[in-house]
Amino acid sequence: MKLARVLIVIIISAALQHELKAQTCGFGCLGLSGFYAGYTIDNYDLTGLNERLNQSLLFNGIQNENVNFTKMKGVRLGANIFRAKFHDYFITAKGFYQFSKDEFSTSNKSSDGSPLSKSNYEMNHWGLGFDFGIPLFNFLSWKILEGGVKFFKAELTNQILNENSKYEDEKYETVDVEIGYYVGTGIIIQIIENYINIEGTAVYNLMRINDLYDSNGEVYLIGNSKIVEKGGISATIQLNIGVPL
């Protein structure tokens, strides 16, 4: 996690040093702001979550099922606080909120066709980040390095079908906000320069979540692994709407 913080410092330091040397800057050198919306796929090591969900199914007499959460999919909404452009590089500060989830339903069904159990796992988070990049062509730029911090809240909802064919809800969540970091790279394709562009980013997440708790503060089962053991590769594609300052 220290690596991500070091990389963010490097991005800012490199940009500031280059700015001191720059003699000219083009259109938008005072900066661009704007907002964006995108779609993200996050990969995590959810070994502990899967272990406990499978254990819960066995406790409830549901056999021959295998929960295997690996990917979180969701929507990201955010803003480029500023994107300062100079003659041969740019830097960006950004903030965003992301809704991510994965779902599982048992293949075992009741007499009316309803799954015996359903699970919904969410990991929504706020994020703050910086990037440093260079233009390659008039229509294409390379984000050489992007890094940032994320603030997570996770929630698990289990629904078990009872004898009356009604679902009983069990909810578990993190007690505190979990902190993670990310570092990656990406490209920006200009549609209308300085106003509309498509941005693609691939990053590696550094994070973990130890346990989830119910409303009484009781831990959700006991496992040999953490709920989220470690991070993984994430990919985001987003549409940016820019406003020159």
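Does Asn194 count as buried or exposed, and at what relative accessibility? At 7% relative accessibility, Asn194 counts as buried, where buried denotes under 20% relative accessible area, exposed over 50%, and partly exposed the range in between (1.4 Å probe, protein chains only). The structure is a predicted model, in which local features need pLDDT of at least 70 and side-chain atom pairs count only at pLDDT 80 or more, whereas totals for chains, interfaces and linings use all residues. Residues are numbered from 1 along each chain as its sequence is written, and side-chain values use heavy atoms, with hydrogens and water left out.

The protein comprises two helices and nine strands, assigned as DSSP runs (helices: H or I, at least four residues; strands: E, at least two) and numbered from the N terminus. The order of elements from the N terminus is α-β-α-β-β-β-β-β-β-β-β. Of the 245 residues, 44% are buried. The accessible surface, from the Shrake-Rupley method with a 1.4 Å probe, comes to about 12700 Å², and carbon and sulfur atoms account for 59% of this area. With contact defined as heavy atoms within 4.5 Å, 73% of the contacts between residues at least 6 apart in sequence join residues at least 24 apart.

In soluble globular proteins, nonpolar side chains tend to be buried together. A nonpolar core is taken here as a set of buried Ala, Val, Leu, Ile, Met, Phe, Trp, Tyr and Cys residues joined through side-chain atoms within 4.5 Å. The largest such core contains 22 residues, and Tyr121, Met123 and Val228 have the most contacts inside it. Two or more residues of this core are given by each of α2 (47-59), β4 (117-135) and β5 (140-161). Apart from this core lies another, of five residues, including Ala84, Tyr89, Ile91 and Phe132. Beyond its neighbours within four places in sequence, Met123 is in contact with Tyr44, Met72, Gln98, Ser100, Phe152, Lys153, Ala154, Met207, Ile209 and Val228.

Strands β2 (residues 71-85) and β3 (residues 90-105) run antiparallel and are joined by 12 bridges; two strands are regarded as paired if DSSP finds at least two bridges between them. These strands, β2 and β3, form a hairpin with four residues between them. Within this pairing, Thr92 in β3 is the bridge partner of Arg83.

Arg83 and Asp131 are both buried. A further salt bridge connects the side chains of Arg83 and Glu199 at 3.4 Å, N to O. Arg83 lies in strand β2 and Glu199 in strand β8 (residues 196-206), so this pair ties together parts that are 116 residues apart in sequence. Arg83 has a relative accessible area of 7% and is therefore buried, and Glu199 is buried with a relative accessible area of 0%.

Lys94 and Glu146 form another salt bridge, in which the closest N and O atoms are 3.4 Å apart. Lys94 is in strand β3 and Glu146 in strand β5, 52 residues apart, so that distant parts of the chain are again linked. Both Lys94 and Glu146 are buried. A network of salt bridges links Arg83, Lys94, Asp131, Lys143, Glu146 and Glu199.

Lys85 is likewise found in strand β2. The C-alpha atoms of Lys85 and Ile134 are separated by 9.2 Å, with the two residues 49 apart along the chain. The side chain of Lys85 makes a polar contact with that of Asn194 at 2.8 Å; such a contact is a pair of N or O atoms within 3.5 Å, where within protein one must be able to donate a hydrogen and the other to accept it, and residues adjacent in sequence count only if both atoms are side-chain atoms.

Most residues other than glycine have a negative phi. Asn194, which is not a glycine, has a positive phi of about 75 degrees, and lies in the loop between β7 (178-192) and β8. Leu221, also not a glycine, has a positive phi of about 55 degrees. Leu221 is located in the loop between β8 and β9 (233-244) and is partly exposed, with a relative accessible area of 22%.

Conventions. Salt bridge = Lys/Arg side-chain N within 4 Å of Asp/Glu carboxyl O.
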